[in-house]
Amino acid sequence: MSINTERDVEANLQIGPTDQGMVRIFIEAGGTEIPMDFDPEEAEEIADEIRAAAQAARSIT
(Lines give C-alpha, C1' and ligand atoms only; values in the text may rest on other atoms or scores of the structure.)
Protein backbone atom coordinates (compact mmCIF):
# COMPACT_ATOMS: atom_id res chain seq x y z
CA MET A 1 0.00 0.00 0.00
CA SER A 2 1.21 3.49 -0.77
CA ILE A 3 0.00 7.02 -0.20
CA ASN A 4 -1.75 6.91 -3.60
CA THR A 5 -3.60 3.63 -2.99
CA GLU A 6 -7.28 4.33 -2.32
CA ARG A 7 -9.13 2.31 0.31
CA ASP A 8 -12.81 2.16 1.16
CA VAL A 9 -12.33 2.44 4.93
CA GLU A 10 -14.15 4.77 7.27
CA ALA A 11 -12.29 6.19 10.23
CA ASN A 12 -12.84 8.75 12.94
CA LEU A 13 -10.09 11.25 13.70
CA GLN A 14 -9.79 13.35 16.84
CA ILE A 15 -6.98 15.78 17.67
CA GLY A 16 -6.53 17.56 20.95
CA PRO A 17 -4.35 18.25 23.97
CA THR A 18 -3.91 15.71 26.75
CA ASP A 19 -3.75 16.46 30.46
CA GLN A 20 -0.03 15.58 30.26
CA GLY A 21 0.83 18.46 27.90
CA MET A 22 0.96 16.32 24.79
CA VAL A 23 -1.00 16.56 21.55
CA ARG A 24 -2.95 13.40 20.79
CA ILE A 25 -4.05 12.26 17.36
CA PHE A 26 -6.64 9.53 17.97
CA ILE A 27 -7.82 7.34 15.11
CA GLU A 28 -10.60 4.76 15.36
CA ALA A 29 -11.45 2.47 12.48
CA GLY A 30 -13.18 -0.88 12.40
CA GLY A 31 -12.94 -1.41 16.14
CA THR A 32 -9.24 -0.54 16.24
CA GLU A 33 -8.14 2.50 18.24
CA ILE A 34 -4.79 4.17 17.60
CA PRO A 35 -3.76 6.91 20.04
CA MET A 36 -0.60 8.78 19.01
CA ASP A 37 0.91 11.32 21.39
CA PHE A 38 3.35 14.03 20.32
CA ASP A 39 5.10 16.79 22.19
CA PRO A 40 4.01 20.26 21.03
CA GLU A 41 7.09 20.76 18.82
CA GLU A 42 6.49 17.45 17.01
CA ALA A 43 2.83 18.36 16.59
CA GLU A 44 3.80 21.67 14.98
CA GLU A 45 6.13 19.82 12.58
CA ILE A 46 3.25 17.51 11.63
CA ALA A 47 0.98 20.52 11.11
CA ASP A 48 3.61 22.07 8.82
CA GLU A 49 3.80 18.83 6.82
CA ILE A 50 0.00 18.76 6.46
CA ARG A 51 -0.02 22.39 5.27
CA ALA A 52 2.75 21.64 2.74
CA ALA A 53 0.85 18.59 1.46
CA ALA A 54 -2.34 20.64 1.11
CA GLN A 55 -0.47 23.30 -0.87
CA ALA A 56 1.06 20.63 -3.12
CA ALA A 57 -2.35 19.02 -3.64
CA ARG A 58 -3.81 22.39 -4.69
CA SER A 59 -1.20 22.70 -7.42
CA ILE A 60 -2.19 19.31 -8.90
CA THR A 61 -5.88 20.10 -9.35
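**View 1. A glutamate pair across strands β2 and β3.** In this predicted model, E28 has E33 of β3 as its bridge partner. The two strands concerned, β2 (residues 23-29) and β3 (residues 32-38), pair in the antiparallel sense, and seven bridges link them. A29 is placed opposite T32 of β3, and the hairpin that β2 and β3 form has two residues between the strands. In that turn, G30 adopts a positive phi of about 55 degrees.

**View 2. The three-stranded sheet.** The strands are arranged in the order β1-β2-β3 as an open sheet with antiparallel pairing. Its edges are formed by β1 (12-17) and β3, each of which pairs on one side only. From one strand to the next, the twist averages 15 degrees.

View 3. M22 is located in the loop that lies between β1 and β2, and it counts as partly exposed because its relative accessibility is 26%, which falls between the limits of 20% for buried and 50% for exposed residues. Leaving aside residues up to four places away in sequence, M22 touches G16 and P17 as well as D37, F38 and D39. The C-alpha atoms of M22 and M36 are 9.6 Å apart in space, with a separation of 14 residues in sequence.

**View 4. Helix α1 and the cap at its N-terminal end.** Helix α1 comprises 21 residues (residues 40-60), and the distance from its first C-alpha to its last is 31 Å, close to the 30 Å expected at 1.5 Å a residue. D39 caps the N-terminal end of this helix, with a side-chain oxygen 3.1 Å from the backbone nitrogen of E41. D39 is also among the residues that M22 touches.

**View 5. The protein chain as a whole, for orientation.** The C-alpha trace spans about 40 × 30 × 15 Å along its principal axes, and buried residues account for 7% of the 61 residues. Of the contacts between residues at least 6 apart in sequence, 0% join residues at least 24 apart.

Definitions and conventions
Residues numbered from 1 in each chain as written. Predicted model: local features only at pLDDT ≥ 70, side-chain atom pairs only at ≥ 80, totals over all residues. Heavy atoms only, no water. Pairing = 2+ DSSP bridges. Helix = DSSP H or I, 4+ residues; strand = E, 2+ residues; numbered from the N terminus. Axes fitted to C-alpha atoms, helices over the stretch in contact; angles between N-to-C directions. Expected span 1.5 Å × (residues − 1). Polar contact = N/O pair within 3.5 Å; in protein donor to acceptor, adjacent residues only side chain to side chain. Buried < 20%, exposed > 50% of the residue type's maximum accessible area, 1.4 Å probe, protein only. Contact = heavy atoms within 4.5 Å.
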